[in-house]
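Reader: I have not looked at this protein before. Please take me through it.

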Amino acid sequence: MLPSASRMRRGDEFADAIRRGQRAGRPTLVAHMNVGEGEGPPLVGFVVSKAIGDAVTRNRVKRRLRHLMRTRLDRLPRGSLLVVRANPAAASARSEHLAAELDIALDRLLRRWGSAPRTLTDGRS
């Protein structure tokens, strides 16, 4: 579970990340990130629409994404807003594949904002 201080809750925060931020798309998800001037912790929100499936499937996808983001929070700049929107393919994706797609999207966004991505253990970046 994400720490309470890192959870995005307000609609204007979601809108700010999506409208003003950079976007990185993958087949299973799309990530939007806006790096603000704030000094607070990074905020992360998730969008999982009915196109993903029924309520059980949507909640499963949200839980998996929250779990994956928990270990990646330290990569995000302070004060940043990140929205992860799941695509329908996320419902049937294996956790390893979802994690790899999330890492690729985050690496792209962090490169655009000037933060160097961390190198994965198998040598890919």
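Reader: How many helices and strands are there in the protein?
Author: This is a predicted model, in which local features need pLDDT of at least 70, side-chain atom pairs count only at pLDDT 80 or more, and totals for chains, interfaces and linings use all residues. Residues are numbered from 1 along each chain as its sequence is written, and side-chain values use heavy atoms, with hydrogens and water left out. Helices (H or I, at least four residues) and strands (E, at least two) are DSSP runs, numbered from the N terminus. From that end the elements run α-β-β-β-α-β-α, and the protein has three helices and four strands.

Reader: What is the radius of gyration of the protein?
Author: The C-alpha trace spans about 40 × 40 × 25 Å along its principal axes. The radius of gyration is taken over C-alpha atoms, and the globule rule is 2.2 Å times the number of residues to the power 0.38. For 125 residues a compact globule would have a value near 14 Å, and the protein agrees, with 14 Å.

Reader: Is A24 buried or exposed?
Author: A24 is in strand 1 (residues 22–25). Buried means under 20% relative accessible area, exposed over 50%, and partly exposed in between (1.4 Å probe, protein chains only). Because A24 has 1% relative accessibility, A24 counts as buried.

Reader: Which residues is A24 in contact with, leaving aside its neighbours within four places in sequence?
Author: Contact means heavy atoms within 4.5 Å. R108 is 84 residues from A24 along the chain, yet their C-alpha atoms are separated by 6.5 Å. With those sequence neighbours left aside, A24 is in contact with L29, V30, A31, A105, R108, L109 and R112.

Reader: Which elements do the buried residues of helix 2 pack against?
Author: Helix 2 (residues 55–70) has 16 residues and reaches 22 Å from its first C-alpha to its last. The expected span is 1.5 Å times one less than the number of residues, and the reach is close to the 22 Å expected. Its buried residues are T57, R58, V61, R64, L65, R66, L68 and M69. They pack against strand 2 (29–35), strand 3 (43–47), strand 4 (80–86) and helix 3 (95–112).

Reader: Is E37 buried or exposed?
Author: E37 lies in the loop between strand 2 and strand 3. Its C-alpha is 8.3 Å from that of R78, which is 41 residues away in sequence. With a relative accessible area of 76%, E37 is exposed.
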